[in-house]
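I opened the model to look up a few packing details. My notes follow.

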Amino acid sequence: MRTAVLLLVFSLLAACSEPHETPVSRAAKQPSPHITATEANLKYLKVEAVQRTSGGSTIALNGRVTFDEDRTAHVGSPVEGRVVQVLAKPGDSVRSGQSLLVIRSPGFTLADASEQKARSALHVAEKTAARAQRLFAEGAASQREVTEAEDALAQARAEYERAAADLASLGGHREKSSPEFHLRAPISGVVVSRTPAAALGAEVQPGSGTLFIVADLSKVWILADLPEREMQGVRPGLSVEVEAQAYPGVRFAGAVEYVSELLDQSTRAAKLRCVVPNSKLRLKPEMFVDVTLHRPSADLLIPTSAVVTKGEKFFVYVEDDNKQRTYTPREVTLGPEIGS
């Protein structure tokens with residue numbers, strides 16, 4: 001289909017300010033029921049065919065690689081003590097639960113001893129309660145003795161569960177007693193940072209800050225600024241392609257995850273966050289990259305100068321079927337602007 005639209009590309013910004021407006025400029029304001037192309041007004045008018053397109057538009061942005069914060073762990077010590085062994089350094093790949101360093105901690109030793117003591121007391125209480133039940137069945141113990149034994153068992157069980165939870169919160173194990181605390185990686189990934197506080201012989205405290213940063217770099221975030229003029233039609237889920245100077249000709253595919261609701265007052269841009277798979281770990285945090293954002297495809301393309309605005313509605317003048325050089329307005333819904 002090659003429907004012709006009338007382009008009101010008159011130099012009418014100047015003409016409209018003249019004392020005598022042309023008929024075409026008045027038509028642009030109305031819009032009028034129809035326009036007839038004549039020799040007199042052809043110098044103000046241009047006719048072009050509507051284009052169909054199967055592809056969408058793209059936006060070129062500058063971006064920066066950073067950690068996926070949902071896949072990054074800042075690891076600090078929950079116990080106080082002295083570092084006696086360092087088991088991981090920046091660049092090491094670690095598994096979830098792998099030891100990063102070992103701390104000799106009086107607090108951890110006390111928690112471990114309390115758990116062992118509570119476990120022993122629970123074992124004794126279980127035996128006492130079982131014995132009271134057996135003697136009661138044989139008529140050699142009273143109901144009161146059974147009740148007291150069961151109460152003592154319940155108390156011992158509660159005390160053990162508390163002590164075991166305290167030990168577990170510090171990374172201890174009920175099955176394996178140890179006087180030393182192992183600081184473990186909470187996720188699998190790469191050790192990207194180790195602070196001086198994680199050095200051999202250093203004293204550490206709970207809440208004193210990060211000792212290690214472990215990041216899963218199999219997916220990374222790409223952060224970019226989206227200009228205000230390009231925001232229309234951009235939403236989470238749109239596809240992107242990323243190129244880095246370190247890998248000429250290589251494109252990394254990803255998708256938009258988040259578009260900021262706020263604009264930066266100085267740049268008039270919204271923050272755009274994309275997620276890009278990085279299985280070979282080639283994209284490094286803080287790399288600068290080129291981002292190509294693919295916007296949705298448009299069914300029809302018309303020149304922006306063909307659009308006539310009336311209030312909140314938009315019109316284009318379309319050639320009549322009889323092709324008598326007459327054009328009638330048709331209301332349209334506009335999509336994203338692609339160049340001109």
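I began with the contacts (heavy atoms within 4.5 Å) of Ser77. Leaving out residues up to four places away in sequence, Ser77 touches Ile103, Phe181, Leu183, Val204, Gln205, Pro206, Gly207 and Leu211. This is a predicted model, where local features need pLDDT of at least 70, side-chain atom pairs count only at pLDDT 80 or more, and totals for chains, interfaces and linings use all residues. Residues are numbered from 1 along each chain as its sequence is written, and side-chain values use heavy atoms, without hydrogens and water.

Next I placed Ser77: the loop between β6 (72–75) and β7 holds it. Strands here are DSSP runs of E, at least two residues, numbered from the N terminus. Is Ser77 buried or exposed? Ser77 counts as buried because its relative accessibility is 5%; the cut-off is under 20% relative accessible area, with a 1.4 Å probe and protein chains only. A polar atom of the Ser77 side chain lies 2.7 Å from the backbone oxygen of Val79.

I then traced the sheet. It is open, antiparallel, and ordered β10-β9-β7-β12. Pairing takes at least two DSSP bridges between two strands. β10 (180–184) and β12 (203–204) are the edge strands, each pairing on one side only. β7 (residues 81–86) and β9 (residues 99–104) are joined by four bridges. Arg82 has Arg104 in β9 as its bridge partner.

Last, I checked Val256. Not counting residues up to four places away in sequence, Val256 touches Arg235, Pro236, Gly237, Leu238, Val240, Leu272, Arg273, Cys274 and Leu293.

Terms used:
Buried means under 20% relative accessible area, exposed over 50%, partly exposed in between (1.4 Å probe, protein chains only). A polar contact is a pair of N or O atoms within 3.5 Å; within protein, one must be able to donate a hydrogen and the other to accept it, and residues adjacent in sequence count only if both atoms are side-chain atoms.
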